[in-house]
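Colleague: I would like to go through some labels and see what each one rests on. Shall we start with the structure itself?

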Amino acid sequence: RLACATGRQREAFEILGRATRSGVCLDLEVYHCALQSCGSLAMATLGGMIIKEMLASPLVLDNRTVVLTTRLYGAAGDPAAAIHYARLFSERFDFCLGVEAYTALVDACVENDAGDEALELFEASLQGGVQPHILEAVVVGCFRLGYLEDAVGVIHCALDVDQGCGIPSTLLKDLVFLLYRRGLGVEVATPLLDRVVGMQVAVLEPVC
């Protein structure tokens, strides 16, 4: 951890390697620390080596591993690798991706202009119910990529799946504003607002 904190990622990896070869059983948090450090510097090659070390160990990887791996490859410009490892980890270690994992994956896709992949991840996340954090990440991603009508489609999709889902108020206001600016107020924004009001959808205020 000291090596990671002082920017000596390669030294940290060498320490991990020596410990593994010596039969020392390191806990998952140590690997997470090294992975997080690599992610902060977008060191995908070294991070990949650490992931291989984890997979070769008897450790049970989890959603936190997915988040850190996703941030690593998102920073390195490779969201496809992030999605690959998320699926690999969840299948091999038999766990469901959580809200934080899905949100990190969506953010990685948006940061690298992979809008279609972000939308696919949102659809996959719906199996566990609509989560406001994931919904917000996808819609904000659509804003950034200029997919305003897709943003509306995401909200309609969320309402189709879970009529009790909440929509952050600032998100809804920003979306309606942008739609009107683009000349889509009557055609797209108004039907969305009518549906939100008609279904009495919870509009979530930001937490101070």
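Modeller: This is a predicted model. Y85 has a relative accessible area of 15% and is buried.

Colleague: Why is Y85 called buried?

Modeller: Buried means under 20% relative accessible area. Y85 has 15%, so the residue counts as buried.

Colleague: What makes F89 buried or exposed?

Modeller: The relative accessibility of F89 is 0%, which is under 20%, so F89 is buried.

Colleague: How many aromatic pairs are there?

Modeller: The count comes to 2 aromatic pairs. In one of them, the ring centres of Y73 and Y85 are 5.7 Å apart and the planes are at 20°.

Colleague: Why is the pair of Y73 and Y85 called stacked?

Modeller: The centres lie within 6.5 Å, so the rings pair, and the planes are under 30 degrees apart, so the pair is stacked. Y73 lies in helix α5 and Y85 in helix α6, so this pair ties together parts that are 12 residues apart in sequence.

Colleague: How do you know whether D94 is buried or exposed?

Modeller: D94 has 70% relative accessibility, over 50%, so D94 counts as exposed. D94 sits in the loop between α6 and α7.

Definitions and conventions: Residues numbered from 1 in each chain as written. Predicted model: local features only at pLDDT ≥ 70, side-chain atom pairs only at ≥ 80, totals over all residues. Heavy atoms only, no water. Helix = DSSP H or I, 4+ residues; strand = E, 2+ residues; numbered from the N terminus. Buried < 20%, exposed > 50% of the residue type's maximum accessible area, 1.4 Å probe, protein only. Phe/Tyr/Trp six-rings, centres within 6.5 Å; stacked < 30°, edge-to-face > 60°.
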